[in-house]
Amino acid sequence: MEKYSAYSLLKHALTGHRRWPQAWRSPELKSRYDVVIIGGGGHGLATAYYLAREHGITNVAVLEKGWLGGGNTGRNTAVSRSNYFYPESTRFYEHSLKRYETMGRDLNYNIMFSQLGILNLAFSRHELEIFRRWATAIQVQGVDCQVMSRDEIAAAVPLLNMSPTARYRVYGGFMQQRGGISRHDAVAWAYARAADHLGVDIIQNCEVIGLEVSDGHIRGVKTNRGSIRTDKVGMAVAGHSSVVAAMAGIKLPIVSQCLQAMVSEPVKPCFDHIVMSPMVHCYLSQSDRGELVIGGGADTHPSYGQRGNLPSTEAVLNAVVEMYPAFSRLKLMRQWGGIVDIAPDASPIVSKTPVTGFYISTGWGTGGYKAIPAGGETLAHTIAHDRPHPLVEPFSLDRFAQGRLVDEGAAAGVAH
Amino acid sequence: MIRIECPWCGLRSETEFTCGGQSHIARPADPAAVSDREWAQYLYQRENPKGLHYERWRHTYGCRQWFNVARDTVTHEVRAVYRMTDPKPALGGEGA
Amino acid sequence: MKQTLRRLPHARVDAGKPIRFTFDGQHYEGLAGDTLASALLANGVGVVGRSFKLHRPRGVLGSGKEEANALVQLERGEYTEPNARATLVPLYEGLEACGQNAWPNVHSDLFGALGLFKRLLPASFYYKTFMWPSWHRWEWLVRRIAGLGTAPQSADPQTYLKQNVHADVVVVGAGRSGLEAALEAARDSACRVLLIDEQEEAGGSLLASPSDADRAWLAAALREVAARENITRLQRTTVNGYYDNNVLAALERLGNHLGPAGAGPVRERFWRIFAGRVVLATGAIERPLVFPNNDRPGILLASAVREYSHRYGLTLGERIVFYTNNDSAWRTALELVEVGLPVTAIIDIRPAVDTALRQRAEDAGITLYPGTAVTNTRGRRGLRRLVLHRLTGQGEALGAPAGTLDCDVLAMSGGWTPTIHLYSQSGGQLRYRDGDACFVPERAHQAVTVVGRANGEFPEPLHLQPQWLTPGVSPEHQWVDFQYDVTASDIQLAARENFVSVEHVKRYTTNGMSVDQGKTSNVNGLGVLALATGRPIPEVGTTRFRPPYHPTTIGAYAGIELGGLYTPFQQLPAHAAHVAAGALFEDYGAWQRPACYPQPGEDEDAAVAREARAVRSAVGLLDYSPLGKLEVHGPDAREFLNRVYLNNIRTLEVGAARYGLMLNEAGIVIDDGVLVCLAEDHFLLHTTSGGASTIHQHLEEWLQCEWTDLAVIVNNATTQWATLMLSGPRARSVLQQLDSDIDVGREAFGHMQYRAGRLLGQPCRILRASFTGEVSFEISVPASCGQALWEALMQAGAAQGIVPFGIETLMLLRTEKGYLHVGADTDGNTMPQDLGWGGAVAKKPDDFIGRRSLSQPVGADPDRFQFTGLELLEPDARTVSGAHVLTAAGESTAGYVTSAYYSPNLNRSVVLGIVAGAREREGEVVTIFYAGRRQRARLVKPGAYDPAGEAFNG
Amino acid sequence: MDNLARRTVLASATLEREQFRVTENSALGLIRLQTFHRKPGAVDHLAARLGAPLPGPGTTRAGQDRQWFWSAPGEWVIAVRAGTEDVVLAELRAQLDGLFAVLSVMTDSRIVLDVGGASAREVLARGSTVDFHPSRFGAGSCVLTRFAGVPAMLACPYGGDVILLFADRSQARYLLEWFEAASVDCE
């Protein structure tokens, strides 16, 4: 693998960039793999990479029905953070955040991780109390998080509506300074390039049309480009989990919904952090290109339609203008939708299944992007050892029968 | 934007409704008699098909009534609307 | 060349109406009917913008939506708008605009030097470098350079309306095809037709036609449209989104053509359009040709040259040359000659051209260069000269040099791209048509038809010969995306590195991601990619179009629902009385309620303390109207409530009241309150304040979806009644002064009892429950009497020292008393056994909502967080709600403080919380952690005040 | 001590523009009639006892001295002269004796606004996605919808541009302010 650097850039400039090697191969599909990963998004590619690097399993295929990173990896707002409430969650996402901090050099691919700091805003007395509980939870777990006063917030976000008569008055908030945004496509491409280099076969435009299961074991995968024999299959198909799992005869506690994101036209830097708020529901950051990157809540009805919907666009932009009146005259440039798989407790499911050799990574809801490194690492471990990685033991499929949900919303007391 | 024909009020925009998710989920007749797994399936396991989905909606801002909707989860096309007490219509094209 | 006022005849500008404006501080003059772009061209302003990445000097490229170069910062201060397209800004008196993304200005921009390093900055170079020592060190620099215009710093002084409209037929585009379609549909007088056009005036490309016949046709058509009562025409309106079920979104510009001074309060109107059938007559956009340095100022689309000449009457240059691969540019050239414009040459990549056209061009004295390519352009800030080469065969290779050609305007045409963005958004399928090298509608998914150029119906054949890039010369300076500086070499590099999916190429090179959303670059990019990967274009595919078709003001999506209108406040019946009493209002679940009533010189804490002391020592009055009041009627009401409540309702007698808990099906406590049996078939159910509608919906869902056979009707009567809580040792004597048929005497009316009757001539309901720990009467009268009752009680209590008290005081009082507040002292995991209700569950014979979940393994966990009191050990210590209780080892969480106040009555902290296994650990000392500080506290029974519970009987 | 005085929600606050008007209508008393509509024939029995057909979904009907509005399956709002609620209530109770019919006074829980003026329908179409064109929403129409984000019942009993809006009393002030903002261009 040719090392990317300022030097290589200079070297290739001399030859008009006509000698750059492929970032990854386009191999032919083999008839037998040790492990087949379904889904060529961040999670699937990361899983393949860690299988090869951490567990020496290199006879691996990643099957992508479309183009690499074309699912939620390429449709999110690229936020990484670990400001979770429960220790189970924080441990997992903190591990992931640490990976993001070193990913550029680990994978020799600049994913432009900008640790702008994530600020959560509270808009009522009750919410502020919940935020205190939340921030303290993060601190107890030794993760950086500082509670901020109105004045500190006003200084950090000059364009925020701080009027004491605002419909929702800012009561305070907390900041995780290490939280940030990165270039989502780059993350998928970085893992793809690294995995390919370790011998993983990445097969694009290869759709899985069936799973072979006999006496409780996975035996193979049927695709539109032929059949594969294998004993282990990892599923990382956000937005399609129920469909693929059904091929193995498994029903999931998952509902798929459409989540929208959008960007404004690029403007000169005017917004230095990532700001979120549950009450006035939108989150906002400014990309290196200058676009305001805007997200909101998911549509409340089940959907596999990867496109925007007008009511939710209006709702999130209404919140944006309410919170940042100066952005009213900016223009919305592009808007899109991704399908998120949501579990009853809005926490992930990284788990073995009733079918031996079939492992799933799903339920990432609206937060899958930030989980890519840890999700891949833990799924790879679970596949390699046929035993859940310690970080994901709380996120097994059978937690629901136990009633042991990991419900962040419930902890915040906002479940009702 | 989804437009739904409320059985009582007629064609309205989705912003007047609340989606209650999958319909026709039978509550165990004797909850005490079912296993933890069966109870969890009743509580949490969902069809979540890509395609035709039988779900229930409430005309929250109108007549406040719950009713069933058969809707395509890809195109969002509403294939049928029927009352809670009506049987599930067979429409074909059940999703994967 | 300057020609501010002198324009060609036929032009649709008003020579009699000069208009003054400034660009980059320079004063200029244009005419009414001009756009900023045409006015700048009229004034000979060549460089109007700078490209995003390399800061290349750029001039006007197009004449409308497709413009990629002429982006300006319009106006200043609160009215400023970044990235305004000069081609879309109608000129108005006093208009102020500046160039963007340049320093000191677009004419001489120091960042222009970046162009020298183009070689080092290929597509996605940033992914390959800036890693050492870390991206952080570099990011600040990249951030500074990026971005285009500047965002406003203050709130928008104008507002935006939203308008819903229903129409049987919606026609988008009022060019020839659109007008025809609208008039056709309107023949049926019952058919409501909505005709929408984005330009300043209707007519589409007819506006740029020099032909008298065209102009006459347009005038007649518009007269007929106006005469049709069933046609509504929206001008200056752009349809931006095409959603499911034929719902469209459009933006109408009401004040932008008048400028800040002339505009009214409403700037734009956002339309939600509910259409029966849609006709898209959105026309087509001309494509640039891809050749070295094709981005120089002075190089325009041929269609733009046509617009500026005939519609705005500009000559543009002294030597106008055309460069094309199809016939349409020839016709444009000939039209220009007819009105006397200096067209000196036509360069065509095709070796052979229709002889008739050829003949007419030669007769017009135009020099022709068939089978020829432009291989370079010269001129620093404006075009001066072209370098030409012969092409061999069908243009696949370069032949002999063909000399140079002087000119100051180059009109290029690489063919036409039907504007199918909306059609694509509607889910319609596209088909690639080789002949004209463009995508055309194939199979519609919704009730939509596409007509005219948008459907690939060109008035005359194009005889197009695609040339996606110029062969035989370096691709490095052949621009595909002008705005983001994407050249043919960037796309080739992407293909070389195996980014071969069209989406990968778009993301890797940013081709088509600029503010024009690829209107001029998409198809050319596909062409270059197809060549680079040796695939036909249909196999390469196209990227999906998403809303908005054209960037849309964010404020317009928000509309008027801002500030007080963002989310409706609910107001109390006695709101005016609270205002008069100096209430500090806060938002409690959308209800605007007094937190407390600070008197002059009092801060919030002092006010709460004073009110709390008054309630304990005398009497206080609280507006408790949001207390949920649901009425449950019907023969099956008792059966239903028995399934809903954890408590046994079968044994609740008529006239009796009982405190009850409600769970959801997962076994989680969702509400509590007092249930009153008014009659065998009529119950009054109280919910937590603000919980009324949630619980009402919860009950309705079970009745309508699960137990459809139960004859029960549930009504939410919460706002029918004003409810005031009179609480304190003197509450009874105050109430006794009010004329009523209800005996409120100690013996006659005990704790947890209910009475209905009349009070001061009005119907009233009184519940004796206590949330403060003192004697309390929760008095309900019809809402419109609420203020009168408030005044009556304040007057009656004056002698007894009555004070109004707010929610924060109530919360302090109930915390002193140790009363649970669902939602504060419970979370989404709290089950009844965590509140000491395990026994009640065991005793109840019947099933109820959520019961089964209580016996899942989680319900038996020993370390469940359970409701408890906490007693801080250090005297006078304080803590806050949100602090954590730590495990014995002290490194992880074992509970939270959920309610914490400093009690002015007990002169110490009163604290409630939920703590792991608390019910078994009474008396244990635990550690409380907040903001880095640790405190010690003992687990105690809730209820520091009046543990014996005598006060509320008092 | 004097009897408790009733106060209207908006006191005398109104909105008067050249093309658009909103005023509180305090002349109406409101009664709600409900039956268990899932029971076959329940609605017909009511009508039979009342001796007049009840308005169906989407409509309103005038009876003598009262106006009936359909507000949900098996549910009607009856508008009477303010102050006569108890009289009408007693009369209806007698008529419906023995049937499962729930009658409740709801005058105080609602605000009734008279919305009028040449721009009335246009302004209403800014608050709801219902089609207010006279051909679709004419005399005798009555819709329950989401208006300005809150639940509301809109009725056009007599046709023309006089429209009644029923909403929750606690949101009266909000609605008036919303109308003020939504009609800025109606001068």
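I looked up Glu16(B) and found it buried at a relative accessible area of 1% (buried is under 20%, exposed over 50%, partly exposed in between, with a 1.4 Å probe and protein chains only). Arg12(B) and Glu16(B) form a salt bridge with the closest N and O atoms 2.9 Å apart (the rule wants a side-chain nitrogen of Lys or Arg within 4 Å of a carboxyl oxygen of Asp or Glu).

Notes on provenance: this is a predicted model, where local features need pLDDT of at least 70, side-chain atom pairs count only at pLDDT 80 or more, and totals for chains, interfaces and linings use all residues. Residues are numbered from 1 along each chain as its sequence is written, chains are lettered from A and ligands numbered from 1 in the order in which they are written, and side-chain values use heavy atoms, with hydrogens and water left out.

Next, the salt bridge of Glu93(C) with Arg20(C), closest N and O atoms 2.8 Å apart. Glu93(C) sits in the loop between strands E6 (81-85) and E7 (95-99) of chain C and Arg20(C) in strand E1 (residues 14-23), 73 residues apart (strands are DSSP E runs of at least two residues, helices H or I runs of at least four, numbered from the N terminus). Glu93(C) is partly exposed at 41%, while Arg20(C) is exposed at 53%.

Then I checked Arg178(A) and Glu101(A), whose closest N and O atoms are 3.1 Å apart in a salt bridge. Arg178(A) is in the loop between E6 (172-176) and E7 (180-181) of chain A and Glu101(A) is in helix H3, so the pair ties together parts 77 residues apart in sequence. Glu101(A) is partly exposed at 34%.

Last, chain A against chain C. I count 103 residues of chain A in contact with 117 of chain C (heavy atoms within 4.5 Å). The buried area is about 9500 Å², 54% of it from carbon and sulfur atoms (accessible area lost on putting the two parts together, 1.4 Å probe, summed over both). Arg167(A), Lys268(A) and Arg329(A) supply 10% of what chain A buries there, more than any other three residues.

How many salt bridges are there between chain A and chain C? The count is 13, and I noted Asp288(A) with Arg143(C), closest N and O atoms 3.0 Å apart.

I also found E17(A) pairing with strand E29 (residues 552-553) of chain C, antiparallel, over two bridges (pairing needs at least two DSSP bridges). Leu332(A) has Thr552(C) as its bridge partner in E29(C).
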